[in-house]
Amino acid sequence: MEANQRIARISAHLHPSNPQMGSEHHPILRAADCRAKGGAPGFKVAILGAAGGIGQPLSMLMKMNPLVSVLHLYDVVNAPGVTADVSHMDTGAVVRGFLGQPQLESALTGMDLVIIPAGVPRKPGMTRDDLFNINAGIVRTLCEGIAKSCPNAIVNLISNPVNSTVPIAAEVFKKAGTYDPKKLLGVTMLDVVRANTFVAEVLGLDPREVSVPVVGGHAGVTILPLLSQVKPPCSFTPEETEYLTKRIQDGGTEVVQAKAGAGSATLSMAYAAVKFADLCLRGLKGDAGIVECAFVASQVTDLPFFATKVRLGRGGAEEVFQLGPLNEYERVGLEKAKKELAVSIQKGVSFIKK
Ligand SMILES: NC(=O)c1ccc[n+]([C@@H]2O[C@H](COP(=O)([O-])OP(=O)(O)OC[C@H]3O[C@@H](n4cnc5c(N)ncnc54)[C@H](O)[C@@H]3O)[C@@H](O)[C@H]2O)c1
Ligand SMILES: O=C(O)C[C@H](O)C(=O)O
């Protein structure tokens with residue numbers, strides 16, 4: 001192509017006539033598409049809720065991931081703006097934006113991994129379950145789209161209450177005949193990230209050297225850090241155990257209160273989501289020994305879903321690990337966690353089955 005033709009093409013892209021249009025017509029979004037041609041081969045990833053508090057930093061960080069070749073950013077508001085912004089980053093992934101329900105199908109078609117941070121966040125005084133009424137419907141709609149357009153994709157579900165939204169997603173996929181339990185993962189990585197940070201603080205270690213399994217679910221007492229299984233091996237006094245367990249369980253509330261009405265964790269969540277998504281992509285690529293905690297379909301307890309360590313592979317959560325030995329404090333915590341989890345799981349299932 002002649003130089004003047006190339007300049008004319010780029011200049012046309014930079015003058016959008018209708019910012020509400022989808023990527024197939026939107027000049028800026030198409031510009032992003034064109035600019036990154038020639039990027040490295042890799043996986044196709046969609047973020048649903050990409051314009052939100054989590055969605056925006058998550059979109060930025062996924063654009064930086066060398067395993068991603070195509071990044072689809074979907075939201076019901078402001079997707080063109082976030083897409084134009086992220087697309088200027090000089091990394092390999094092609095970025096395309098999708099705005100609103102009519103473009104959900106295009107956003108999802110061909111995706112290998114779908115990350116869902118769509119939905120309302122908590123304000124002080126609310127529990128995650130208080131978000132159920134709004135977020136359950138959002139998750140149902142988005143999962144119906146996944147069942148239709150990319151039924152084989154791995155799904156990383158972030159929207160709260162995770163303890164109920166994962167069962168909702170499972171029921172939607174069952175109804176559509178596309179359910180693969182290994183490919184549906186509730187993201188509990190932020191609990192692990194917090195646990196590593198707080199435990200490292202107590203031990204006086206670099207958090208990168210610390211690994212804490214966090215099992216159960218993702219709300220209050222259902223978040224159960226297994227401090228007896230921390231790596232490197234260590235021990236805690238009863239006071240330390242109580243302090244750490246409570247702080248990890250209440251980590252989300254700590255941020256909600258500090259933000260004082262302006263939402264919940266977004267930056268640490270985007271960091272955790274990218275850490276987890278990267279592990280999923282490495283599993284998809286065939287890397288060996290990828291193990292992390294996630295809330296998945298499980299036979300580890302008598303509940304249908306439970307968070308434990310899982311091995312991530314080409315098929316998603318290919319192996320779900322047992323809890324391992326628990327101490328008395330953890331055994332008591334497990335019973336409390338199971339009691340609350342059973343109710344939250346049933347609430348999610350009933351929402352679709354009703
Ligand atoms: N799993 C976790 O550890 C964890 C951590 C933090 C937050 N969360 C949850 O993540 C969710 C998002 O939090 P946030 O702070 O980013 O909220 P936010 O309000 O800042 O962003 C949510 C985004 O979702 C979009 N959205 C709403 N309905 C949609 C739909 N039908 N389709 C697509 N997008 C839609 C909104 O337009 C918005 O851009 C909340 O439910 C929050 O509780 C989970
Ligand atoms: O606490 C919240 O509501 C958001 C999230 O679940 C978190 O743990 O930070």
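**Reading the predicted model**

Analyst: P117 is buried because 28 other C-beta atoms lie within 10 Å of its own; a residue is called buried if 20 or more other C-beta atoms, placed from the backbone, lie within 10 Å of its own, exposed if 12 or fewer, and partly exposed in between. This is a predicted model, in which local features need pLDDT of at least 70 and side-chain atom pairs count only at pLDDT 80 or more, while totals for chains, interfaces and linings use all residues. Residues are numbered from 1 along each chain as its sequence is written, and chains are lettered from A and ligands numbered from 1 in the order in which they are written.

User: In which loop is the place of P117?

Analyst: Helices (H or I, at least four residues) and strands (E, at least two) are DSSP runs numbered from the N terminus. Leaving aside neighbours within four places in sequence, P117 is in contact (C-beta atoms, placed from the backbone, within 7 Å) with G49, G52, I54, G55, L58, I158, S159 and A273. The place of P117 is the loop between β4 (113-116) and α6.

User: What is the mean pLDDT of the chain?

Analyst: The pLDDT is the predictor's confidence in each residue, from 0 to 100. In this chain 89% of the residues reach 70 or more, and the mean pLDDT is 92. Over residues 11-36, however, the pLDDT is below 50, and beyond near neighbours in sequence this stretch has 46 contacts in the model. For the complex, the predictor gives a pTM of 0.93 and an ipTM of 0.99.

User: Which residues come nearest to ligand 1?

Analyst: A residue is near a molecule if its C-beta atom, placed from the backbone, lies within 6 Å of it. Helix α6 (residues 132-149) gives the largest share of the shell around ligand 1, four residues. Of the 33 residues around ligand 1, those that come nearest are G49, G52, G53, A118 and N160.

User: How many residues of each class are in the shell around ligand 2?

Analyst: Ala, Val, Leu, Ile, Met, Phe, Trp, Tyr, Cys and Pro count as nonpolar, Asp, Glu, Lys and Arg as charged, and the others, Gly among them, as polar. The residues around ligand 2 are P121, R122, R128, N160, L190, H218, G251, G252, V255, V256, S264 and A265, and the largest share of this shell, four residues, comes from helix α10 (residues 251-259). Domain 1 and domain 2 each contribute at least three residues to it. By class, the shell around ligand 2 has two charged, five polar and five nonpolar residues.

User: Is H218 buried or exposed?

Analyst: UniProt lists H218 for "active site" in an unreviewed entry; its positions are given in the numbering used here, feature names are shortened, and annotations may be inferred rather than shown by experiment. H218 sits in the loop between β7 (214-216) and β8 (223-225), and, not counting residues up to four places away in sequence, H218 touches V162, N163, G186, T188, D191, I223 and F295. Because there are 27 C-beta neighbours inside 10 Å, H218 counts as buried.

User: What is omega for the cis peptide bond that joins N160 and P161?

Analyst: P161 has its place in the loop between β5 (154-157) and α7 (162-176). Another cis peptide bond joins K231 and P232, with omega about 0°, and P232 is in the loop between β8 and α9 (238-249). For the bond that joins N160 and P161, omega is about -5°.

User: Does A260, with its positive phi, count as buried or exposed?

Analyst: A260 is a residue other than glycine with phi near 50°, and A260 lies in the loop between α10 and α11 (267-285). N78, also not a glycine, has a positive phi of about 60°, and with 18 C-beta neighbours inside 10 Å, N78 counts as partly exposed. Because A260 has 9 C-beta neighbours inside 10 Å, A260 counts as exposed.

User: How many of the nine residues of α4 are buried?

Analyst: In the chain of 354 residues, buried residues make up 50%. In α4 the buried residues are A79, P80, V82, T83, A84, V86 and S87. The helix is mostly covered, and the number of its residues that are buried is seven.

Terms used. Domain bounds come from an automatic or database domain assignment. Two residues are in contact if their C-beta atoms, placed from the backbone, lie within 7 Å.
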